[in-house]
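Have the model open as you go.

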Amino acid sequence: MPFRIVRNDITKMNTQVIVSAADSDVIVGGGVDSAVYHAAGMEELLAGRRQAGRLKEGEVAVTSAGRLSCRYVFHVCSPVFVDGSRGEERTLKGCYEKCLALTAEKKCESIAFPLLSAGTNGYPAGEALEAAVAVCRDFLQTHDMEIYLVVFDKEAAALSGRLFPDVRAYVDEHYVETALEQEYAGRRGRALLRSAVDRESSRAKDYEPIDCYAEDEQNENGRDYHVTNRQVKDKREKAHSEKRSLGNRQDIRGEKGAGNRMPEAAFAAAPAAAPLALDDFIRQNAGSFEEYLQQLINRKGMTNAEVYKKANLSKQYFSKVMHGQVKPTKEKLLCIAVALKLNLDETADFLRLAGYALSPCSKTDLVFEYFIVRRNFDIFSIDIALFDCGLPSLMD
């Protein structure tokens with residue numbers, strides 16, 4: 001994935017550019033700056049830094065990397081946080097923007113940032129993270145580059161709790177690990193677990209409330225409201241019954257029982273017809289999974305480039321998926337589902353077509369579900385939440 005948050009020592013990153021949070025004067029600062037100087041070779045790096053001279057807030061100096069494995073070190077004088085009203089956010093974002101522009105200018109393909117200003121400069125960590133993610137997200141819409149945001153210790157990495165304070169509670173509340181250990185113990189364990197996965201593919205929930213229909217149902221004040229498990233089940237059964245009835249009366253291809261696949265001209269007009277659930281639509285249009293995905297992208301009115309950028313996938317990887325050269329993991333498909341803004345039922349259908357199922361036993365799945373039911377389709381925010389919950393990054 002083009003953007004990733006990692007917990008590591010930035011001097012160990014295998015990127016072409018490493019960014020160091022520098023002091024305005026030509027001195028070795030603390031924290032990340034000190035680590036970079038010692039790893040690169042103090043005298044060599046200081047010699048390059050002296051040539052750039054004193055830096056103002058927001059300025060960047062470029063030096064060689066000494067003993068580091070990267071090609072360049074970017075020394076950034078990031079802002080000191082006072083009260084948030086003195087242009088600190090604009091200056092901080094400018095630091096990231098300048099570094100990314102310089103990386104592209106020097107034809108480098110990867111860069112590693114520390115979380116600028118969040119240490120001794122006093123910038124609130126959550127706000128510093130939001131600024132970094134916003135700039136990287138915008139940059140990747142028009143550029144191909146591997147961007148790493150590197151945090152060193154666990155305390156500094158606990159960031160998403162500030163941005164999404166209830167994501168941990170949601171995951172913990174719905175995680176059934178303890179129940180599984182009790183319920184699936186013994187010889188019947190494997191059979192019961194398989195049964196649970198099959199049930200999951202139908203999206204039957206064992207908890208409430210859930211707002212997967214909140215997009216369609218509103219009260220008289222225009223506000224979304226939650227529905228209970230029983231209401232969800234009744235509504236789903238009714239919807240499936242109506243779709244089966246519709247399928248008996250009308251074929252999307254224009255002729256009941258038509259054996260040929262829908263031509264492109266007819267496909268382009270399909271959105272005007274009565275909408276079908278994703279699995280019903282695909283069932284009526286036989287073909288490979290790659291063809292299913294391309295049709296779905298077309299129906300959403302998106303380009304392939306828009307999808308892989310919003311999914312935070314590389315162009316090369318997405319091309320391999322679309323040509324059937326690689327079988328995507330469930331996590332990668334979840335990223336694509338988020339990019340396409342599929343609701344929870346559509347996401348479950350989409351995964352099932354590739355041989356996967358959403359599972360209440362997976363904390364990663366629950367994090368995705370948390371964002372999908374809230375219609376927050378920002379893959380960067382999801383990756384931050386996964387990272388903060390101690391789960392594998394989407395890039396792993």
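**Exercise 1.** Find the handedness of the crossing of α16 and α17, then classify their relative orientation.

*Solution.* The crossing of α16 and α17 is right-handed (the near helix is turned clockwise from the far one by less than a right angle). This is a predicted model, where local features need pLDDT of at least 70, side-chain atom pairs count only at pLDDT 80 or more, and totals for chains, interfaces and linings use all residues. Residues are numbered from 1 along each chain as its sequence is written, and side-chain values use heavy atoms, leaving out hydrogens and water.

Next, the axes of α16 (residues 330-339) and α17 (residues 344-353) come within 10 Å and cross at roughly 140°. Angles under 35 degrees count as roughly parallel, over 145 as roughly antiparallel, 65 to 115 as roughly perpendicular and the rest as oblique, so α16 and α17 are oblique to each other.

**Exercise 2.** Which residues make the contact of α16 with α17?

*Solution.* With contact meaning heavy atoms within 4.5 Å, α16 supplies K330, L333, L334, I336 and A337, while α17 supplies T347, F350 and L351. By class, six are nonpolar, one is polar and one is charged.

**Exercise 3.** Is D349 buried or exposed, and which side chain does D349 join in a polar contact?

*Solution.* First, locate D349 in helix α17. Its relative accessibility is 12%, so D349 counts as buried (under 20% relative accessible area; exposed is over 50%, with a 1.4 Å probe and protein chains only). Finally, the side chains of D349 and R352 are joined by a polar contact of 2.7 Å (N or O atoms within 3.5 Å, one able to donate a hydrogen and the other to accept it).

Methods
Axes fitted to C-alpha atoms, helices over the stretch in contact; angles between N-to-C directions. Helix = DSSP H or I, 4+ residues; strand = E, 2+ residues; numbered from the N terminus. Nonpolar A, V, L, I, M, F, W, Y, C, P; charged D, E, K, R; others polar.
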